[in-house]
Amino acid sequence: MSIDIQIEKRETAIVVSPRGDLDMSRSPALRNSLRSAQGDKPKTLIVNLASVEYMDSSGLATLVEAMKNAKNNSTKLVLCAMNQKVKALFEIARLHNYFNIVSSLDDAVGA
Amino acid sequence: MSDKPHVRLEILSNPLYLCGARELVSAVAKRLSFDEMACCQIALAVDEALCNVIRHGYNRQSDRPIWLSLYPEGPADRPDVLRIVIEDEAKQVEPDVIKSRDLEDVRPGGLGVHIIKEVMDEVRYEKRGEAGMRLTMSKKVVVSSGTDAGAPSASCTGCHHG
């Protein structure tokens with residue numbers, strides 16, 4: 001199932017903004033977008049989750065994979081603007097300290 | 001405890017239908033007075049359980065059956081427990097081997113069982129007769145002074161289309 005994903009440049013960062021639910025049917029599309037964005041080895045990769053209302057463990061797995069790739073490429077990966085339900089999922093999975101999570105896109109660009 | 005489910009849904013093992021299952025469970029939980037976060041967590045547990053059946057039980061075959069049954073329990077006029085049963089015809093495994101993995105080992109995947117056990121009060125896996133597995137999980141309503149349970153709400157559907 002397709003998912004709307006916007007990719008844009010902000011200063012030295014690439015911002016990937018998925019829209020909708022990130023579940024098993026839609027996470028593969030985000031994985032492809034993140035891999036594509038990481039191909040350019042940007043200084044900073046921002047995943048803007050402002051329009052993601054729901055995420056399950058397949059979404060988490062996609063972001064963990066992106067984080068590992070980012071570390072290999074010396075790219076700084078920042079997650080921003082997640083809602084309380086999504087934030088709770090990171091806490092349940094004990095991943096909230098593994099990622100660099102900030103509250104807004106502006107904070108992420110300046111991080 | 002009633003033997004007859006109040007709601008029973010049969011879906012194919014296609015990730016496309018996860019959203020519908022989440023919507024259904026979340027809406028029922030809301031009517032049973034679970035707060036918004038609990039509704040979302042119950043929907044998350046169902047989502048993770050269905051994903052595990054699709055991914056591990058059916059090896060991603062998208063045309064196999066999964067049954068989702070809901071049993072509100074407790075006082076007849078105000079049930080305060082939601083029991084959820086998910087059944088399949090997938091390959092059987094020993095229930096004891098279905099465990100959470102070590103979370104210190106950060107890697108993609110393998111979080112579903114941990115998430116289910118974290119958000120639900122009781123979780124039990126068992127073999128289902130000669131074929132398939134059965135997952136039974138339940139959660140009790142936690143009454144808080146600030147709850148607006150039962151009030152109409154457009155949120156807490158566990159599924160939003162952007």
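I began with the buried residues of helix α2 of chain A, and they are A:Ser57, A:Ser58, A:Gly59, A:Leu60, A:Ala61, A:Thr62, A:Leu63, A:Val64, A:Glu65, A:Ala66, A:Met67 and A:Ala70. Buried means under 20% relative accessible area, exposed over 50%, and partly exposed in between (1.4 Å probe, protein chains only). Helices (H or I, at least four residues) and strands (E, at least two) are DSSP runs, numbered from the N terminus.

This is a predicted model, in which local features need pLDDT of at least 70, side-chain atom pairs count only at pLDDT 80 or more, and totals for chains, interfaces and linings use all residues. Residues are numbered from 1 along each chain as its sequence is written, chains are lettered from A and ligands numbered from 1 in the order in which they are written, and side-chain values use heavy atoms, with hydrogens and water left out.

Next I looked up A:Val47, which lies in strand β3 (residues 44–48) of chain A. I found A:Val47 buried, its relative accessible area being 0%. A:Val15 is 32 residues away from A:Val47 in sequence, yet their C-alpha atoms are 5.9 Å apart.

Last, I turned to chains A and B. I recorded 28 residues from chain A and 34 residues from chain B in the contact, where contact means heavy atoms within 4.5 Å. I counted four salt bridges between the chains, each a side-chain nitrogen of Lys or Arg within 4 Å of a carboxyl oxygen of Asp or Glu. One of them joins A:Lys85 to B:Glu36, with the closest N and O atoms 3.3 Å apart.
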